[in-house]
Each structure stands twice: as C-alpha cells, then as structure tokens.
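Please brief me on how this model is organised.

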Amino acid sequence: MFTYKLHFIKPFLRKLFVAAPLLLLGSVAAAQQTGSAPAPSIWDNALALTMLLISLVLLLVIALLANVVLGTAKLHFDKQKKSGTAAKIVSILLLFLAPSILHAQNAAAEAVAPAGPSSIGGLTPLTFWVLAGVIAVELLVIIVMGLFVQRFLAKEKIAVAAEEGIAVKTKPSGFKVWWDKLNSFKPMEQEANIVLDHNYDGIRELDNRLPPWWLYGFYVTIIIGGIYLWRYHVSETAPLSKQEFEIAMKKADEEKAAYLAKAANNVDENTVTLMKEVTALDAGKAAFVQMCAACHGKAGEGSVGPNLTDDYWLHGGSINDVFKTIKYGWPEKGMKAWQDDFSPVQIAQIASYIKSLNGTNPPNGKEKQGDLYKENGAAPATDSTAKKEVVIK
Amino acid sequence: MQTEKFYYDNKIVKYFANATALWGVVGMIAGLWVAIQFYFPAASLDYAGTTFGRLRPIHTNAVIFAFVGNCMFTGVYYSLQRLCKARMFSDTLSWIHFWGWQFIIVAAAATLFFGFTTGKEYAELEWPIDIMITLIWVVFGVNMFGTIFKRRESHLYVAIWFYIATWITVAMLHIVNSFEMPVSLFKSYSWYAGVQDALVQWWYGHNAVAFFLTTPILGLMYYFLPKAANRPVYSYRLSIIHFWALIFIYIWAGPHHLLYTALPDWAQSLGVVFSVMLIAPSWGGMLNGLFTLRGAWDKVREEPVLKFFVVAVTCYGMSTFEGPMLSLKSVNAIAHFTDWIIGHVHIGGLGWNGFMAFGMLYWLVPKMWGTTLYSKKLATNHFWLGTIGIVIYAIPLYWAGFAQAEMWKTFTESGQLKFQFLETVTNIIPMYITRSVGGTLYLIGAIMMVYNLYKTAKKGSFIANEEAEAAPLAKHASHGKEYWHRWIEKRPATLLVFSLIVVAIGGILEIVPTFLVKSNVPTITSVKPYTALELQGRDIYIREGCYTCHSQMIRPFRDEVARYGEYSKAGEFVYDHPFQWGSKRTGPDLARLGGKYPDSWHYNHMLDPRSMSPGSIMPNYPWLLDNDLDTASTPAKIRAMQTLGVPYAEGYDAKANKDLMTQANGIRISLKMDKIETPANKEIVALIAYLQRLGKDIKAEKKTETAAAN
C-alpha cells in the first residue's frame, strides 16, 4: 500500500513527540540538538539531566513562591509599591533564566568539543559548575523569598491583632495552616465572595483557584514526560526493552560464570560420573517424582514417556547420555530441555537415580523402546546422530 | 418571564435503578464464582458454560456493561432532566434504550455462556450484538441531545460535559475496535491482526475504563455529591481544566497495557509518558469532589450516602495514582501478568464504581419515593462491610502479585530458574482464598442494600412524574463579552465536536503509524498461515477463553526467555485474527508451547490437568474429547481469512478439509502409539494441532539458518 512512501514518518514523529513537551519546557537548547548527529552531548549524561531536572523543579518552586510573595505583599503595600515588588520578582526570575540560557549554549559548545580528560561525573568541570551554580542560585532565591513571606505574614499577624485589639486567639493547628496554604484555601467565611452566579438544579459553583501543588505537579509530570521521550528516543541514552534484555543477559552470564568457576557445580555431560551416595540418589528421586513422573511414571515404568527401568534406551543408556538427554532434551519427541530448571549437579543426581532404577521391573511397565544398552558395552548406535543434533541446537 | 410547568420522568430512572441493583448482584456472584475456581477447580462443574474461561468474561461484561452501565443510565436520566430543566426528549426512546440495553445484556450472557466470543477482552461480544450496542447507543445519544436541545437552562453543567464526552468517545472506541469479518451468525474474526489488533484492542480496553467506568461516573459525582452534601462545587476552573486535560490525555495511555511486548518501542513510550501526565487530571476530579465537602465533614459522619462517596472518590484517587505507577516500565515488569493488576482494577471497580453506585442509589430511592431511607444503620453497616471487603480483597492480591513475580524472576546461583511455574501458583493459593472472602463480604453488603432499598420503596409512594417549573430559554442570548468556556457551555453541538477532536488526536497518532509504517512489524519469512486444523483448534482455544489465563507473549526478560523460550517478535503474529497475547498469567505462557510435550500429554492434560501436573488449578475440559469438530465451517473460515489478507492459495477453501483430515489422522496415530484411542474428528485433535503449532515457525527459521551456516 502506501507503506514505503511513509518511511519518513517515524523519525519525523519521533521528533514531533519530543519537541512538543520540550516546547512546554521552554528549553532553548533542545532545538539546537535535534538536528545534530548522536555525538556525545550533555543530554546523554544522567547526572546532567538530573541536575537539569532539579533546576527545573526549583524553578517551579520559585514561581510558586513568587505567587505567594505577591499575594502577601498585596496585603501590605499600596498599588505602587506592589508593582515595584512584582518588578523585583520579574527581575529575579530573569536573573535566574539568564544563566540557564547561557548554560544551554554552553551545552551546545560542549557537545562539539571532545570530552576533556578531567571530568566530574562525565561532565566537563565548567558545565558541572554552571549547573551546580544555577541550582545554588535557585536555592538562594527560594530562601530569600521564604524570608520575605515570613516577614509579610508576621507583620500581617501583628496588624490583625492590633486591629481587633486582642491577642492572637485559638491558633489553628500547624497542620491545618500548612494544609490550607498548600491548597490555597479561602477561609470559609469568605466563601460568599467567590460564589459564581451559576445555579444548576440548586448546585452552585465556587471560583476557587487551582490547588497550587496540583498545578505544579501537573507541570512536573509534563516535564518528566518530555525528558523520558528525549532520553529513550532522541538521545538514546536509556535502554529500550531489547537493549535492557541484552544487558540483563550479559550480567547473568558473568555472574553464572563467576559462580561456576569457584563452585564444585561445574559438571557436564563429558565429566559426569555415576553417583552412588544415598543423599544424592534421594535428591534425584525427589526431583524425579516432582517433575519427571508425570510422563515417565512414578517408578519410571513409563507412560507418555518411555520406560526407564529396562535395558532399552532411545538416546543412549550411559550416565553421560542420560545426563545429556535430561539437559538438552529431545523436544521433537516431547522431552523438554531441563537445563534452565535444574543445576548440573541436580541433573547428575536425577540421571544417577534413573540409572539406579535399572532392573527394578515395576508393574505396568511400558514396552521396550530403542536400543539395548549394557553397562561398559559398545557405544550406543544413536550416539553419532545425537552429537549432530546437539550441534544444530 | 412566564414559567412553564413540566414533569420529570422518574419511572425510567426507577427501571434503570432496579436493573443496576439486579445486575450488580448477578455480576458479583459471577465474580465470586470465578474467584472460588482459583483454589477449587472442581467449581467449574466440568461444564463448559461454567468454566473459568467462559465465566470470567460473563463476570467482566456483567459488572462493566450491566452494573456500571445501568448505574450510569440511572444517574444520567435522573440528573440530565434536572440539569436541563426538561423532561427527557422522548419517552419512547427512553424505553427503547432501557429494554434494548437489557436485551443486549441477556444476549451477551447467553452467547458468552455458549462460547460465542471474539476473544478480545471487554469486547468479547459477537458482531450481531456489537451492532445492537451501536444502535442502542445511538438511541441513547439522540435522547440525550434531544433533551439538551430543548433545555430551559442556558449553560451546560460540568456533569453534562462528561456525559457528552462519554457518549462520543464510547461510540468511537466501540465502532473502531469492533471491526470484524463475520463467518457465520455467531462467529467473526477481528479485522486487525497481531500487533495492530493488540494496539487497537488496548486503545479500546484502556479507554473503556476511561470513558465507561470513569468519565460518566465523574459526571454523576458532579451532580450527586454536591446535592447530597448541599455544598457548592469547589472550583469551576478546576472542572474545566481537569475535564479537557483528562479526555485529551487518557486516550494516549492505552499502550501501557503492552509494555515489553512486541509493540514498537515508540508506542510503548507514549503509553508511559501520557500515563504519568494523567495523574494530575485524574486527581483534579478527586480534589474537586473532596474539597466540595469542605465545611460538610460533620455531615459525612452522619450520612451513609456521603460516606460511600468519600470512599469512592478516595479509591478513584488511589487507583488513578497507582495506574501511572504501574505504567512505569520497571514497576510494570513486576506487576504485569500477575494478580497485582486484578487488585488494582478492583480498587477502581469495587471502590470507585461500586461505591458511587451504592451512594447514588441510597440517595435516589428515598427521593423518588418521597420518603426517608428505611434504615440508616443498615446502610452504614453496608458501608463498613463493603470497605472491609475491599481491603480484604485487594491486599492479598497485591501480595500475591508481588510474591509470584519475585518467584518467577528468581534464579539459582548456578543460573537455573529456581521455581517451576506451578510452584509459584500453589504458593499464592492462600491469597486467592482470602480474596474470595473479601469479595463475599462485599456481595453480602450489596444484598443488604437491595433489602434496605426495597423496604424504603415499600414505605414511600413512587412519584412517577415529578412536577417542576422553569422559564423557557430566551431565544437570543446576550452577545456581551464572556468567559470563553461559558461560550462553549451554551453550545452542546460545539462541545460535542471539540470533545471528538480532542479524543481523536491520541488514537490517530498512535494507531495510524502502526498500520502504515512497515518497520513497526518486521516480516519473518518462516511465519506461515495456520493449517485448516490449526485454525479450527485456535477457534476452540478462543471459544474456551484460554486467553483469560494464558498469555502468548514472551517478554524480553531473562526469566521468561529461560522459562518459555526466545522472546516474542512482532512478525510472528501477522496471521493472528484476533491476537491472543492475554493479560494475565494464571497459567504459564504458551507462545512457544509447540513441541514441548507429546500429543498424548496434551490429551491427558485437557481431560484432567492434575494427572499430568499434580497441583494444577486448571479446569478439566472433558467435552473437548467428546465433541465432534465442526468441519462444515472450514471453507467459510478460510474465505474469511483470505478476505482479511491471509495468503491461502486461491480456491483453498474447497480443499482445506482434505488437508485437515490428513493432519488430524497424523495426530490420531501419534496418540494411538501412546495407547490413546480417539477418532480423528474430535475437537481435542484440532486443539492439540494448534497447541503443537505455537511458536514453531520461528524455531523452523532458526534451524534453516543454522543449516545454511553449516
């Protein structure tokens, strides 16, 4: 159909999906990066992204605080002074934004320059300190603003107390104060001022503001969304499912190799020997009853699978062959491979237990299948084909 | 201005309310029954209709479409009339809607019982019922908009925005997801295949939760909660922002049901990020509900109706926070396919939907019968019983899900899987037992409510037509400057169109590229269409609802690859109409089952699973051994598949049954060699053929590759 014509859509959409939230983010650097080749850039660095995220969250906190400062200031200053404060705050915000823009340009520069030998967490010292500086400045702004709010509120309290001519009475609990502020609740007494003229079958609506933490939380999730898409699909610094799988498998192989290297567990079909200790045979029996009996019968007499107590074997009767059969299975004939279920020692135990069943002649034994095998006899006839199969596997 | 006198239609509300209570109890009993089968497989009664695979869809369809559906209609028919200051547009349409919907429910239960299913979760109903649903939904829409257009209130209240968005989105979801190719009156194949079918299905499935279980109930909350609390709605602005944000973002989140599957990574990532962004819009509804109760918390202590609403809204908040958390890939890797998800949906189902319905009924019945509630104490006891029931239901399942996932993923130091699948199941059986205790408490509560409401109705007298008065709507509204959203609120058609645009965007941007961009589903040449016998066997697999317990999707995890084989690829499913990836692993994954066990193992296992794997909780399927395979349907099925683009040779439909018998005979002989005598024309033979085919294609490719290399 149209498919081949639309090949270009995927990369295009990729960019679109990422660009949209980033626009919300207002990041200048994003645009500079999208076109460039996947050279090592600041965007590939987890530390940088974390710091950037922190700085953005702090920015939101600042915006939130600025609101509060404006609100409290309003109570105290006349119009003229208030606009002065607003201007002050705007200039503070600009002061903050300036370094972040600067830093974005820095980042672009860093992307081109080869990474220097001395780095902090994979970042050049300059970038690191710029980012750290931005965060520090933001923290400072927050502290200053917090002090402002505290001062305004303290004044307000005194003023109210003076006006009413009484000492501050029945203080509400700290939690309630915090809770009301968090949601920017209007006191219940002032509710009449914010009732809208809507009336639907007697239901009225209030004109309350959006709870600030909710609104800024919404922004944060959008920012996280943007960064997520960026990391997985543009900078490609976070592993997608298949890469994650490869990483996990590599790690597992290393761990397994390390364990086997030092463990006495390292037995395979070439080195396995018949075990005769009672503990080993009991362990083999337990596993046999649990997993093998379903097909081979509780006593090895055979049902769906062949009889394991007679002298006839489909895939060889030596301890090495039995071990191999259990380990790799014969999937075409219904015998599954057990190497992911049992450790090599366990397989050796099961194989030894099976060998110990020879000649027990349980009731309901299945008819003989395969070739006659005698201990220390000639190599089983199927041996050569078996080897080939294993290679194919 | 002269006021007009008119009458609200309470009779239709009463009927829908009765249906809500009836289907609620029926759906919960079905749920309890399937819950018991987890630890007592004999509760399937060895009878096809009552076996888990068929009863579970009956449970889900009953509670979603019958219980919550009727609850939605009860609330809408009551509140819409009052919010529009008008009687319903047409009594005839109201009754067509009511009886049509009840007929659909009965038809759904009957067909599912007999095994007529499309095999797509929450959309199992076959094509004639799909068409009926569409028609009745249109009737509902016409009736709703008719009422809105003749309203005596200039603006639409937020509840109505939610009703409108619900109506248009459910229509869109239902129609797109139900595209199917009929084979016979009660058999069809999904139009889409494999990865694409999965994406469409979960776009639908996720948004059925969003627009059938969430938005309409939010609408009900916006009417009944302020009414019951006698408080103004907390914030009009919050209503606006969370409404539009919710309906826009919700639609995108469907792919979070398919994380780590063969769905393209970009679609998975969109599912993740939009789920995260969904927290705030969802919580907007919760906050507006809970904050409306500011200054009325003393009433909550007295009034069972408000108690139900508070817990409902809180459960809504919990599950809409948990949902996005479950969408994070690292959490999803643990929770998906386990009982954690079952716990999660029941917080929403029992807590949010159930408690909203109960609260609404407790408020509505005394109002419509002009009396007071028969027993407040009984209602309060119902509340506590229900709440404790939810806790006892959910916590064991969270535990079970987490414990089982951990066991699945545990390896021994020497690199072997530590636990057999069955061990991980038997380990959590105590949790299954506890869960059914919680469910029982909840059900007892619901029965107490039915009794209480019955007694209430008895002591009052029903007001079938409630008198009301209002001035007619002025023809020309003022053209002065007004808040932008007030402008939309006066224009229902505009609101409808805007809603449609907003909800269509996410779906289009996710679905269209998946269909058109070829790289999303890379071709695997060794993947071939099913043989006729396998196709018949697959239809039996679908009919018995095997997908309700078995997945066919191996995720790229170390443990899954070790346990089941190579992880699943998008190209493997191109002939799967419908896909059968499943969403829950009560039993092991079956994607690469083919060749793992002999035919005779499957035969014995279907007759009595415990004979082959002691301790298994799978039901017996004795009827498969007795039923004759319906080979008459083979040609029609092949032709339907050809229409859907499956490359069977021209004219193969006529020859298919010959091939079918050859393959069936082969299986008959292989069974005979293991001392099992069965005629070749039994259903079990077809099912074995299908099970032995699973995952074979890609294994074949491996072999040819190795051979070529040699």
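**Domains and contacts**

The centres of domain 1 and domain 2 of chain B, taken over C-alpha atoms, are 35 Å apart. Domain bounds come from an automatic or database domain assignment. This is a predicted model: local features need pLDDT of at least 70, side-chain atom pairs count only at pLDDT 80 or more, and totals for chains, interfaces and linings use all residues. Residues are numbered from 1 along each chain as its sequence is written, with chains lettered from A and ligands numbered from 1 in the order in which they are written.

**Domains of chain B**
- Domain 1 of chain B covers 4-371 + 384-406 + 415-472 + 486-510, and domain 2 covers 532-709.
- In contact (C-beta atoms, placed from the backbone, within 7 Å) are 41 residues of domain 1 of chain B and 48 residues of domain 2 of chain B.
- Helix 2 of chain B gives the most to the domain 1 side, with 5 residues. Helices (H or I, at least four residues) are DSSP runs, numbered from the N terminus.

**Chain B against chain A**
- Contacts join 58 residues of chain B to 58 residues of chain A.
- Helix 8 (residues 265-277) of chain B gives the most to the chain B side, with 8 residues.

**A helix pair in chain B**
- Helix 14 (residues 376-409) and helix 16 (residues 429-459) of chain B pack at about 160 degrees, with axes 8 Å apart. Axes are lines fitted to C-alpha atoms, for helices over the stretch in contact, and angles run from 0 to 180 degrees between N-to-C directions.

Conventions
Two residues are in contact if their C-beta atoms, placed from the backbone, lie within 7 Å. Helices (H or I, at least four residues) and strands (E, at least two) are DSSP runs, numbered from the N terminus.
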